[in-house]
Amino acid sequence: MSKTTRATQTLAKAGISFTVHSYDYDPGAERVGLQAAEALAEDPSRVLKTLMAEVDGKPVCCIVPSDREVSMKKLAAAFGGKSANMMKPADAERLTGYHVGGISPFGQKKIVPTAIEEAALAETLVYINGGQRGLQVLLAPKDAQAVLKAIAAPLIA
């Protein structure tokens, strides 16, 4: 497995301090983020999942703790929209250039507005997908927010 992806290249180019962590990705896992947390022996609240959604028909990215669900109402509100829904996996893959289970908010093919769960910013370090199944980057959540120009908002149900 390569530890260099568009995500890690984006972080390095931005001068962000991060470390790369591999784990055995389970393609049959019901919840990929929780499986990653378990494989890394980390608290699920520190392992963030990257979700692609649409707000009023426009693509957005949201980053939330792997053990929580996104509130579509809160997601829409975060972007000043009326409604939100999850993006179809094929559309998410086409837009980001990553495979589901390996979608990173960093280095996506098309840059879209991004929101991060505000509670995650209280953590010292968090894991976020590194652009490949079984690859996570560990970094300060405020650094992730800065490089993504992400808004911090309450997103979880």
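Student: Is Arg31 buried, partly exposed or exposed, and at what relative accessibility?

Tutor: This is a predicted model, so the numbers below are computed from predicted coordinates. Arg31 counts as partly exposed, with a relative accessibility of 34%. The cut-offs explain the label: buried means under 20%, exposed means over 50%, and partly exposed is in between.

Now the partner. Arg31 makes a salt bridge with Glu69, and their closest N and O atoms are 3.1 Å apart. Glu69 is partly exposed too, at 46% relative accessibility. Look at where the two residues sit. Arg31 is in the loop between strand E1 (19-22) and helix H2 (32-39). Glu69 is in the loop between strand E3 (58-65) and helix H3 (72-78). The pair therefore ties together parts that are 38 residues apart in sequence.

The structure holds three salt bridges. Take Arg94 and Asp91 next. Their closest N and O atoms are 2.4 Å apart. Both belong to helix H4 (residues 89-96), and being three residues apart there, they are separated by about one helical turn.

Another salt bridge joins the side chains of Arg46 and Glu42, at 2.6 Å from N to O. Glu42 has a relative accessibility of 21%, so this residue counts as partly exposed.

One arginine meets a ring. Arg6 lies over the face of Tyr98, 4.4 Å from the ring centre. As for ring-to-ring pairing, the structure holds zero aromatic pairs.

For contrast, turn to a buried site. Thr50 lies in strand E2 (residues 47-55). Its relative accessible area is 12%, which means that Thr50 is buried. What surrounds Thr50, leaving aside neighbours within four places in sequence? Thr50 is in contact with Cys61, Cys62, Ile103, Ser104, Pro105, Gln108 and Ile128.

Finally, the wider setting. An unreviewed UniProt entry carries the annotation "domain: YbaK/aminoacyl-tRNA synthetase-associated" over residues 35-144. Within residues 35-144, the chain is 22% helix and 33% strand. The end C-alpha atoms of that stretch are 22 Å apart.

How values were computed: Residues are numbered from 1 along each chain as its sequence is written. This is a predicted model: local features need pLDDT of at least 70, side-chain atom pairs count only at pLDDT 80 or more; totals for chains, interfaces and linings use all residues. Side-chain values use heavy atoms; hydrogens and water are left out. A salt bridge is a side-chain nitrogen of Lys or Arg within 4 Å of a carboxyl oxygen of Asp or Glu. Helices (H or I, at least four residues) and strands (E, at least two) are DSSP runs, numbered from the N terminus. Buried means under 20% relative accessible area, exposed over 50%, partly exposed in between (1.4 Å probe, protein chains only). UniProt positions are given in the numbering used here, feature names are shortened, and annotations may be inferred rather than shown by experiment. Rings of Phe, Tyr and Trp (its six-membered ring) pair if their centres lie within 6.5 Å; planes under 30 degrees apart count as stacked, over 60 as edge-to-face and the rest as tilted. A charge sits over a ring if NZ of Lys or CZ of Arg is within 6 Å of the ring centre and within 35 degrees of the ring normal. Contact means heavy atoms within 4.5 Å.
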